[in-house]
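Hi,

Here is the structure I said I'd pass on. Have a look at it first, and then read my notes below.

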Amino acid sequence: MKKTDEPLSLNRVLAFPVLTGLSAALLAMLLGAFLVKLGRVGMDRIPALAVSALCLGVLLAAFLAARSAPGNRLFWGIGAGAGVLLCVALLSLSWFSEPVSLPQLAVNAAAALLAAFLGAFIGSRRRRKKKRRRPQTHTS
């Protein structure tokens, strides 16, 4: 049975990319918070840093999922990006009981989904190079 004939499972295609993208987004947010704490970045730049970190994680997850998915790569990449967006949204809503601005949430979601599409597109277009066998020459 070929690799592409196996049934697709969500765990096999999405688990690693979503966890990697979520980790990258959280690390980028931590780096942004560290830069704000050091005074290298002003407090007015926090929303831009947060959206940039989110988009970085979503883009990475979409790229990895699209690259590793056996079929319909664009779909799997966008799904992985949406998974990271959902995880970050759930984390932020559960940790911070602040009121949510729906227009800002919509802008963040649109930027993240655009990043997911871009990452999935790049990952789905990347071709794996086939190993070519050199012709064997026998010299005796």
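Before the aromatic part, one definition: rings of Phe, Tyr and Trp (for Trp, its six-membered ring) count as a pair if their centres lie within 6.5 Å. Please keep in mind that this is a predicted model.

With that rule, searching the whole structure turns up two aromatic pairs. One is F75 with W76: the ring centres are 5.6 Å apart and the planes sit at 70°, so this pair is edge-to-face. F75 is exposed, at 53% relative accessible area, whereas W76 is buried, at 10%.

The other pair is F117 with F121. Here the centres are 6.3 Å apart and the planes are at 20°, so the rings count as stacked. Both residues belong to helix α4 (residues 102-125), where they are four residues apart, or about one helical turn. F117 is partly exposed, with 38% relative accessible area, and F121 is partly exposed too, at 36%.

Now for the helix packing. Two packed helices are described by the angle between their axes and the distance between the axes. Take helix α2 (residues 46-68) and helix α3 (residues 73-95): their axes come within 7 Å and cross at roughly 145°. This crossing is right-handed. On the α2 side, the contact is made by L54, G57, V58, A61, A62, A65, A66 and R67, and on the α3 side by R73, W76, G77, A80, G81, V84, L85 and V88. By class, that contact has 11 nonpolar, three polar and two charged residues. W76, the buried ring from above, is one of the α3 residues touching α2.

How do α3 and α4 pack? Their angle is about 145°, with the axes 8 Å apart, and α3 passes α4 in a right-handed crossing. From α3 the contact takes R73, L74, G77, I78, G81, A82 and L85; from α4 it takes A109, A112, L113, A116, F117, A120, F121, G123 and S124. Those residues divide into 11 nonpolar, four polar and one charged. Notice that F117 and F121, the stacked rings, are both part of this contact.

Last, the cysteines. How many disulfides are there? With a cut-off of 2.5 Å between cysteine sulfur atoms, the count is zero. As for accessibility, C55 counts as buried at 17%, while C87 is partly exposed at 29%.

Cheers

Conventions: Residues numbered from 1 in each chain as written. Predicted model: local features only at pLDDT ≥ 70, side-chain atom pairs only at ≥ 80, totals over all residues. Heavy atoms only, no water. Buried < 20%, exposed > 50% of the residue type's maximum accessible area, 1.4 Å probe, protein only. Axes fitted to C-alpha atoms, helices over the stretch in contact; angles between N-to-C directions. Helix = DSSP H or I, 4+ residues; strand = E, 2+ residues; numbered from the N terminus. Left-handed = near helix turned anticlockwise from the far one by under 90°. Contact = heavy atoms within 4.5 Å. Nonpolar A, V, L, I, M, F, W, Y, C, P; charged D, E, K, R; others polar. Phe/Tyr/Trp six-rings, centres within 6.5 Å; stacked < 30°, edge-to-face > 60°.
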